[in-house]
Amino acid sequence: MLTGKKILLGVTGGIAAFKAASLCSKLVQQGAEVRVIMTESATKFISELTLQSLSRGPVYTDTFDEKNPAVIAHINLADWADLVLIAPATANIIGKMAAGLADDMLSTTLLATQAPIMVAPAMNVHMYQHPAVMRNMNELAERGVMFVEPGEGLLACGYVGKGRLEEPEEIVKVVERYFERLAGSASLPLYGKKVVVTAGGTIERIDPVRYITNDSSGKMGFALAEAARELGAEVLLIAGNTQSPPPAGIPLERVQSAQDMYEAALGHFGSSDIVIKAAAVADYRPAVQSDRKIKKTGETLTLDLVKNIDILEQLGRLKTKQFLIGFAAETNDVEKYALDKLRRKNCDLIVANDVTSEGAGFGTDTNIVNIYDAEGLVQSLPLLSKRQTARQILGLAADRIAGDRV
Ligand code: CTP
């Protein structure tokens, strides 16, 4: 798949640096020509000799150690690469890239290159969520740097959360898909399609300091957006209140209320091919939104709620070519309610989960879902990560759009 592709692999100093060996080996096995630059810190975790042997080429660590007097190594490598892949990428290299610093071989080459850059971050969960790191990643994403999102799980530092380097075989797949996309490859199932994903919970204001929301973390919606991008789609995320960080590099519109989400979704509906309503939309909002903080008065307070617009139902009425995917989080009679929602909202597929089962539903990194169409159960997925679940859902949608009944 990668025959003849020149990949410059940048390895930076985190515990995940050892995975660069497997990554390098897999890239070479797929036919890529790989050259490696390591930061000094990376050499503390994995030896140059390992990467030299696996890449079958010299490993660069020092800007001033010119191995060939005829060329300037960092310029030569910068010009040579078809793709620069940094894996693992620490918070430090991400920060240096965002700031445009060039104080070692890797950062200098990164400034000199005009090749596309792909970054696979790996760090502690709190570092990953630090506003400075988030800002730097967003800055890079805006400049066109691609990201391979880290996975979630037990981190080497002992914390559980997002920050674990994506598995080497997954990174290789993302690299392969990148080259396919570049070749304008229609082999990517959602190439040329626009996918809109709504994620998270809506916020319904009571007064300037209080609101009603729900437990939706946004994780499922974010995973769906990433999966759609991997399959070659142009993706837009519309997100309400979320607990987890959104995937870098995917355009994101932040909204608050159900009404805002409806307007945002409607604005993009005409040009969409697939719309996925993974958001947990509040069914009701306060009848009156006070523009002043409500003061404490009697022993009880009654809040009048009025019904919100049902976004999916409205889109279901308006749909022409759009493939609509709804979600149904249920605690009982899952199939009955899911099918009822699918019909009422005119969806093509509905993804249902029983939120009472362990490993499914709000906040978790995993899900257990059944996917239905108008004729009934299409697929019953086991306990999977939300990312894997998302890939299955998008794969099914892509097959259906292509006219393959699965
Ligand atoms: N949905 C929506 N707008 C709403 C409510 C729900 O677009 N006002 C969408 C959700 O994003 C989801 C699907 O409809 O894709 C089902 O949401 P759910 O809350 O399970 O269904 P409801 O129709 O609200 O039914 P109920 O709350 O009675 O279960």
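Strand 4 (residues 83-89) and strand 5 (residues 117-121) pair in the parallel sense over four bridges; strands pair if DSSP finds at least two bridges between them. This is a predicted model, in which local features need pLDDT of at least 70 and side-chain atom pairs count only at pLDDT 80 or more, while totals for chains, interfaces and linings use all residues. Residues are numbered from 1 along each chain as its sequence is written, and side-chain values use heavy atoms, with hydrogens and water left out.

- Six strands form an open sheet in the order 3-2-1-4-5-6, with parallel pairing.
- Strand 3 (59-60) and strand 6 (146-147) are at the edges with a single partner strand each, so one side of each has no neighbour in the sheet.
- Between strands 4 and 5, A89 stands opposite P121 of strand 5.
- Helices (H or I, at least four residues) and strands (E, at least two) are DSSP runs, numbered from the N terminus.

**Helix 11**
- Helix 11 (residues 258-269) has twelve residues.
- Its buried residues (under 20% relative accessible area, 1.4 Å probe, protein chains only) include A258, M261, Y262, A264, A265, H268 and F269.
- These residues cover an arc of only 170° around the axis, which puts them on the same side of helix 11; the arc is that of the directions from the helix axis to the C-beta atoms.

**D207**
- D207 is in strand 10 (residues 204-207) and is buried, at a relative accessible area of 1%.
- Leaving aside neighbours within four places in sequence, D207 is in contact (heavy atoms within 4.5 Å) with S290, R292, K293 and I294.

How values were computed: Expected span 1.5 Å × (residues − 1). Buried < 20%, exposed > 50% of the residue type's maximum accessible area, 1.4 Å probe, protein only.
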